[in-house]
Amino acid sequence: MTQLKEQRLKPAEGQQPVALLRKYRRGHGWGHFPLYDPADAAEMRPLSAKQQAAMTAQRTCPECGQVRGYVVHRMCQECADREQQQRLELQRRTCMWCRRVSPTPHPVSASLKGRRGECVPCWLHRVIRRQLEEEPLVVWRRTCPGRDCHKVTATDEEVAAGTWRGPRWCSPCAERDEQERAERERERREAEERAVEARRREVEALEGWARDILADPDTAILDMETTGLHDEARIVDLGVTGAAGDVLVDTLINPGEPIPPDATDMHKITDAEVATAPSFGAVLDKLAAVLHGRRCVIYNRAFDVARPRYELTVHYRQTGHEGPEGAADSWLGKARFEDAMVPYSDFCLQVVGIRPLPPAAGPDPDAAVGGRGRQPRGIPGRARIDRGRGQHPGHPSGGHVAAAGLGDPHGHRTGPRHPRRRARAKAPAGTDGP
C-alpha cells in the first residue's frame with residue numbers, strides 16, 4: 001500500500017492481493033502485509049497545487065536543491081555520500097600525531113618503521129625515538145648482567161645469525177653471583193635456626209613456669225561463674241582447687257538478684273539452684289583461708305579479679321565499713337594472682353602456631369571450676385607434666401612436649417571437668433605428675 005501511494009495508485013475495487021508478505025515492524029511485531037499488482041491498481045485523484053507544492057518541498061534537498069523521489073530530512077543520500085568522501089579525504093591528509101593537514105594524502109604502511117598516516121617530521125621523530133629506545137636494550141643483551149660489569153659476552157656472528165636471545169654472564173661475575181647466593185642462603189638458614197632456638201627457649205620457659213606452679217604446694221586455682229559480662233555482674237558459682245587437684249572451695253553463690261537467661265544459657269546455673277546457696281559474704285572467711293598468702297592462678301585476670309573486688313565492695317558497704325573500696329583492695333592484696341591466659345596463648349602459638357582467642361573483659365567462655373561441663377580453663381587441676389607423654393610434632397626441639405600445666409594446646413581436657421567429679425575421681429596407677 002505504501003509503494004502504491006508513492007506512485008499515486010490504490011487497489012482497484014474488488015482487487016485481491018496476490019500474496020502476503022510476513023515482515024517485522026518495530027513497535028508492531030511480526031505481521032502479514034498484502035501485496036497488490038500495480039498493473040491492476042487504479043489511479044488516485046490528482047493532487048491539488050497546494051499538495052503538490054508540499055510534496056515537492058518535502059522531497060527537495062536543502063544542500064543541492066535537487067528534487068528526489070523520497071522524503072529528504074537533512075540532506076539527500078547523494079550529498080551525504082559526497083560529504084562522507086570529503087571527510088575521508090581530509091582524514092587521509094591529516095597527520096595522526098600533530099593533526100597538520102597536507103596537500104596530499106599520507107602513505108599508510110603495514111611495517112613497524114613505515115609511515116602510517118603521519119607526516120614526515122612525525123615519522124622521523126618516531127623512528128629516531130625507537131632507535132634510541134632499542135640501543136640500550138641491544139647493549140644490555142650483549143653485555144654481562146653482573147654488577148658494575150660492562151664486558152661484552154655476545155659475538156657479532158651470534159647477533160647477526162639471530163641465535164642470541166639474552167645476556168650472558170662472564171666467568172668472574174658468575175662465580176661472584178654464586179657465592180652471594182650461597183651467602184644469602186646461609187644467612188636465611190641461620191635466621192631460621194635462631195628463630196627455632198628462640199621458640200624452643202620460650203617454650204622451655206613456659207613449661208618451667210607451669211611446672212613451678214604445679215610443684216608449688218601453695219598454688220590455688222580460682223574460677224567462677226557470674227550473672228553477665230557487665231561491671232556489676234555478681235558471682236553465682238565459685239571454685240578453688242589446689243595444684244594436685246584437691247578441692248578447696250566448691251560452692252554456689254546466691255547473687256541476691258535474678259540470673260539473666262543469657263548467663264544461664266552459658267553456665268547452666270538457674271535461680272532455683274542458687275536460691276538456698278550462701279551469699280558471698282558467708283563464704284568470705286573460707287575463701288580467705290584458702291587464698292590469702294597463696295599463689296592464685298586465674299584465667300583472664302582483668303575479669304576474674306574485678307568480680308571478687310566488686311563483691312567485696314558490696315559486702316563491706318552493706319556491713320557499714322567506712323572505706324569499702326580500700327578494704328576490698330586490701331583483701332585482694334593478700335593473695336598473689338597470676339594470669340594463665342597469656343602464657344597459655346604464647347605456648348599454643350609457639351608449639352602449634354595458633355594463638356587461641358582470649359576472652360574479652362568479661363566472664364570466661366570456658367567452664368568454671370564449679371562449671372557445668374564446658375571446655376577447660378588454661379591450667380586444669382589435673383594437668384600433666386610428664387614429658388614422656390603429650391608428644392607434639394610442632395615442638396621446635398622435635399622432642400616430646402607435655403601440656404606442663406598449660407593444658408592441651410588443641411583445647412582437649414586433661415582432667416575431670418567438675419570439682420565434684422574430680423573429688424570422687426581417683427588418680428590412675430603409675431601417674432607421674434599430680
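In which helix is Ile128 found? Ile128 lies in helix 4, residues 120-142; helices are DSSP runs (H or I) of at least four residues and strands are DSSP runs (E) of at least two, both numbered from the N terminus. The model is predicted: local features need pLDDT of at least 70, side-chain atom pairs count only at pLDDT 80 or more, and totals for chains, interfaces and linings use all residues. Residues are numbered from 1 along each chain as its sequence is written, and side-chain values use heavy atoms, with hydrogens and water left out.

**View 1. A nonpolar surface patch includes Ile128.** Val120, Leu124, Ile128 and Leu132 together form this patch, with about 360 Å² of accessible area. Ile128 is partly exposed, at a relative accessible area of 48%; buried means under 20%, exposed over 50%, and partly exposed in between (1.4 Å probe, protein chains only).

**View 2. Strand 2 and strand 3 form a hairpin.** Strand 2 (residues 19-25) pairs with strand 3 (residues 29-35) in the antiparallel sense over seven bridges; pairing requires that DSSP finds at least two bridges between two strands. Gly29 in strand 3 is the bridge partner of Arg25. Three residues stand between the strands, and Gly27 takes a positive phi near 85 degrees.

View 3. Cys119 is buried, with a relative accessible area of 7%. In the whole structure, the search finds zero disulfides.

How values were computed:
Patches are made of residues with over 30% relative accessible area and no salt bridge: like charges are joined within 9 Å, nonpolar side chains (Val, Leu, Ile, Met, Phe, Trp, Tyr) within 5 Å. Accessible areas come from the Shrake-Rupley method with a 1.4 Å probe; for residues, only the protein chains shown count as cover. A salt bridge is a side-chain nitrogen of Lys or Arg within 4 Å of a carboxyl oxygen of Asp or Glu. A disulfide is a pair of cysteine sulfur atoms within 2.5 Å.
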